[in-house]
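Let's work through some exercises together, one step at a time. Keep the structure open beside you as you read.

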Amino acid sequence: DLFVLGSFVAACSAMVARQPRPGETLEAQAFWLDPGGKGLNLAVGARRLGARVDGLVAVGRDPFGDMAEAALRRAGLPAAMLRRVDAPTGAGIGLVDAAGENCIAVFPGANAHLDSAAVAQAAGRLIRARCVLAQFEIGEAPIAEAFRRARAAGVATLLNPSPFRPVPAALLADTTILVLNATEAAALREDLGLPTGAWEDLVAALLARGPRIVVVTLGERGALAREAGGPLLTQPAFPVAAVDTIGAGDAFTAGLAVALVENRPLAEALRQAAACGACVVARPGVFDALPDRAARDAILAA
Ligand code: ADP
């Protein structure tokens, strides 16, 4: 159903009373090492909702690469998704303080080595999907290659330009579904030289540049979306006690993609996506917090 062209990041997190000053060493109150990265989150999120998921993720020939392999296996994702390259596996370090503020450094490592040749090799698998998904924790060239091949084969594409970098016009033209959070939407508007104004004006301007569906997520203010030729839809966030908002966007995007490949109308897909986002916000971490259908439907029914 879905083909995820994405990243893997081994995420180290430490809980500290406050952020350390330069040169200072602090004792941390807790430490975790979790499998992460936007690509893995998307793939696991979609798989847990019952979708068949394939894809391409690059890791190194090192212990963090083995961790990625174990995480894929644990999530029921195909081992063929993993590509071992001669670079260290992507890894990140985050310090979370008592105020909930975080300082993070991410080293892309192997993620930057996922290239067009790897996409070309996987082309046979890619065009069997109903939708190809990509985010920006990997390089430009493989995404352009994958989306070009997908569009030529009549396969839908979903782009979430996160973390933000400018989106080339050709890539935007090859994008079927564009998903942005508020920060990315503002950055894309500026990059395209579009005037500031209501989100719906930006959505309309983006629909004119290729995508068939544009979605903007607004955190606890929910999300809005429009399909070409359709009305503006708004979806409030589901009220949950927020524990940790990291990964909300990935869970939302996975939920949206699964609903759309199941041919749900956009309004219903938005509702399911918002429920998936709420599930991740209500629990610590991302990997273990990504909902299955039962967890998603419990939020929808509440
Ligand atoms: P990102 O994680 O990419 O910054 P958002 O913060 O916009 O993305 O969150 C994505 C979606 O997750 C939102 O549209 C909303 O449906 C859901 N969500 C985010 N924060 C909350 C929250 N505090 N309570 C409930 N739902 C939330």
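**Exercise 1: two helices side by side**

α9 and α10 are roughly antiparallel to each other. Your task: find the angle at which α9 and α10 pack, and name the residues that meet.

Solution. Remember as you go that this is a predicted model.

Step 1. Two packed helices are described by the angle between their axes and the distance between the axes.

Step 2. Locate helix α9 at residues 248-261 and helix α10 at residues 266-281. They pack at an angle of about 150 degrees, and their axes are 7 Å apart.

Step 3. The crossing of α9 past α10 is right-handed.

Step 4. Now look at who meets whom. From α9, the residues include Ala 248, Phe 252, Gly 255 and Leu 260; their partners in α10 include Glu 268, Gln 272, Cys 276 and Val 280. Sorted by class, the contact of α9 with α10 has 15 nonpolar, three polar and one charged residues.

**Exercise 2: from α10 to its other neighbour**

Describe how α10 packs with α11.

Solution. 

Step 1. Helix α11 covers residues 293-301. It packs with α10 at an angle of about 105 degrees, with the axes 9 Å apart.

Step 2. Angles of 65 to 115 degrees count as roughly perpendicular, which is why α10 is roughly perpendicular to α11.

Step 3. On the α10 side, the contact includes Arg 271, Ala 275 and Cys 279; on the α11 side it is made by Ala 295, Arg 296, Ile 299 and Leu 300. By class, the contact of α10 with α11 has seven nonpolar, one polar and two charged residues.

**Exercise 3: around the ligand**

Which helix gives the most to the shell around the ligand?

Solution. 

Step 1. Of the 19 residues around the ligand, Thr 217, Gly 219, Ala 237, Gly 249 and Gly 277 come nearest.

Step 2. Both α9 and α10 supply at least two residues each to this shell. It is α10 that gives the most, with four residues.

Step 3. The classes in the shell are eleven nonpolar, seven polar and one charged.

Conventions
Residues are numbered from 1 along each chain as its sequence is written. This is a predicted model: local features need pLDDT of at least 70, side-chain atom pairs count only at pLDDT 80 or more; totals for chains, interfaces and linings use all residues. Axes are lines fitted to C-alpha atoms, for helices over the stretch in contact, and angles run from 0 to 180 degrees between N-to-C directions. Angles under 35 degrees count as roughly parallel, over 145 as roughly antiparallel, 65 to 115 as roughly perpendicular and the rest as oblique. A crossing is left-handed if the near helix is turned anticlockwise from the far one by less than a right angle, and right-handed if clockwise. Two residues are in contact if their C-beta atoms, placed from the backbone, lie within 7 Å. Ala, Val, Leu, Ile, Met, Phe, Trp, Tyr, Cys and Pro count as nonpolar, Asp, Glu, Lys and Arg as charged, and the others, Gly among them, as polar. A residue is near a molecule or strand if its C-beta atom, placed from the backbone, lies within 6 Å of it.
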